[in-house]
Amino acid sequence: MIDTSTVIDGIHAVHGVHDVHDIGRLVDGETYRHGNPFGLWRWMRENEPVVRHEPGVFPAFWSLTRFDEVKEVLRDAETFSSSSGILLRPLAQGEDPGSNRTLALSDPPRHQLLRGAVAGWFAPRNLRRLSDSLDSAAYSIVRSAVAASRIDFVGDVAAKLPIEVVCSFLGVPDEDRPSLVQWSTDAFCAGTAEDRSIAHLEILDYFGDLVERRRATPGEDLVSVLAGLTHQGEHLPVDEVVLNCDNLLVGGTENVRLAMSGGMLALLEHPEQWALLRDDFDTVVNTAIDEILRWTSSATHIMRRATRDVELGGRLIRRGELVVCWLTSANRDPAHFPDPDVFDVRRGPNRHLALGAGPHYCVGTQLAKLEIRAVLREFFAQVGDAAVDGEPEYLDSIVVNGLRALPLRLTPRRTE
Ligand code: HEM
């Protein structure tokens, strides 16, 4: 079986990565097309854990690769602000359109207002109500996959459940869902950047319409809640509600899809871990899901802007400077994870940062875990044998990492 991190380390070692000049490769999407640059991150944690990148395509920023500094930044929203953007953007693209307008790109106190409005929807009480429909959707998705026998696990399984669930939270009418499923698949997976952005514009357009409709006739859904929300006596502008819907759709689908498919590949590459989970599912599943989240760590980086001069890992970060937290690296930091490059479904404790930390900690955490659990459960119930049946393809993004396609061949489980 292939241990991806070893292969990638091997590739980087051959290319002589262990040098400060190589840190620029972190912001080149091509780097991730071959899997994550774990060798480079290891070198940075050991030699340059807090290092400044000079301006170029991107503005100047500091890279943080160790667990401790990353966690310190994420927990301190006063010193490290989210409001001007949380993802590196090329200078030419200007400011993030969501700045100061979406939940993720707001600082307190505005952040609490938005978070308070959506958090209840993702609370265990609400999710318990959802649990049956989630299980039956997972059953049908896996049943169709088994019937097809040769599938792309990313598109045919991992992408399907999250989009169904988010559409139901947002109150997207049944008849509109196929279009939204298509646009959101294209927005992530279409072959060209142009097709991806066209699909994204369709999504924004669609939500623009839906928000207007819900403002006129509110329903029992998250779009209606956001459309009805007031700040200092005024409704949020429509485009602000639209951006928040888009964030929920993107946040709620993309990362779950990547975690599920990366987790499936990890299980197939580690048959002894597959067997541990299959043979004692209820006991092992919780630690297995956290290990899948740590291992895949699909949100590659999260950015903040310093609101004052501050020292981090012995370096002085000036007020106004950007710091980029490489979550995928922090989750392989041996100071916090013994044998970090070993995939261990029973790992514990496993306080990874795949879902962030502090006030912006992922609001969809419990939902993401429920979805992964439902798909894994069905997989073990319905699939006798699964094998990788072609070359897995990786995304070439600096924002999220993981699989664009995972060809599998499935054999149904025999019922006695
Ligand atoms: C495996 C699945 C997921 C991963 C890896 C993930 C990752 C993250 C991370 C790292 C953050 C922190 C961002 C920051 O600190 O600035 C975050 C926040 C967020 N996530 Fe997730 N997420 C996942 C699933 C979901 C789901 C299912 C939803 C909703 C349907 C969701 C919605 C959000 C939202 C709205 C925020 C912003 C929260 C805030 O700023 O208060 N995520 N997520």
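The shell of residues around the ligand divides into 17 nonpolar, eight polar and two charged, where Ala, Val, Leu, Ile, Met, Phe, Trp, Tyr, Cys and Pro count as nonpolar, Asp, Glu, Lys and Arg as charged, and the others, Gly among them, as polar. This is a predicted model, in which local features need pLDDT of at least 70 and side-chain atom pairs count only at pLDDT 80 or more, while totals for chains, interfaces and linings use all residues. Residues are numbered from 1 along each chain as its sequence is written, and side-chain values use heavy atoms, with hydrogens and water left out.

**The shell around the ligand**

- The ligand is surrounded by 27 residues, and the closest are His111, Arg115, Arg304, His360 and Cys362; a residue counts as near if one of its heavy atoms lies within 4 Å.
- Helix α12 (238–269) gives the most to this shell, with six residues, and α5 (110–119), α12, β7 (301–306) and α16 each supply at least two; helices (H or I, at least four residues) and strands (E, at least two) are DSSP runs, numbered from the N terminus.

**Contacts with the ligand**

- The iron atom of the ligand has a single donor from the protein, the SG atom of Cys362, 2.3 Å away; donors are N, O and S atoms within 2.8 Å of the metal (3.2 Å for Na, K and Ca), and water is not among the atoms, so sites may look incomplete.
- Cys362 itself is placed in the loop between α15 (327–330) and α16 (365–382).
- Polar side-chain atoms reach oxygen atoms of the ligand from Arg304, at 2.7 Å, and from His360, at 2.6 Å.
- In the case of Gly251, a backbone N or O atom lies 3.4 Å from a nitrogen atom of the ligand.

**An open sheet**

- Three strands form an open antiparallel sheet in the order β4-β14-β11, where two strands pair if DSSP finds at least two bridges between them.
- Its edge strands, each pairing on one side only, are β4 (150–152) and β11 (383–388).
- Strand β11 pairs with β14 (residues 407–412) over five bridges in the antiparallel sense, and the bridge partner of Ala387 in β14 is Arg409.

**Aromatic pairs**

- The whole structure holds 13 aromatic pairs, meaning rings of Phe, Tyr and Trp (its six-membered ring) whose centres lie within 6.5 Å, with planes under 30 degrees apart counted as stacked, over 60 as edge-to-face and the rest as tilted.
- One of them is tilted, because the rings of Trp41 and Trp326 have their centres 6.2 Å apart and their planes at 45°.
- Trp41 lies in helix α3 (residues 38–47) and Trp326 in strand β10 (residues 322–326), so this pair ties together parts that are 285 residues apart in sequence.

Definitions and conventions:
Polar contact = N/O pair within 3.5 Å; in protein donor to acceptor, adjacent residues only side chain to side chain.
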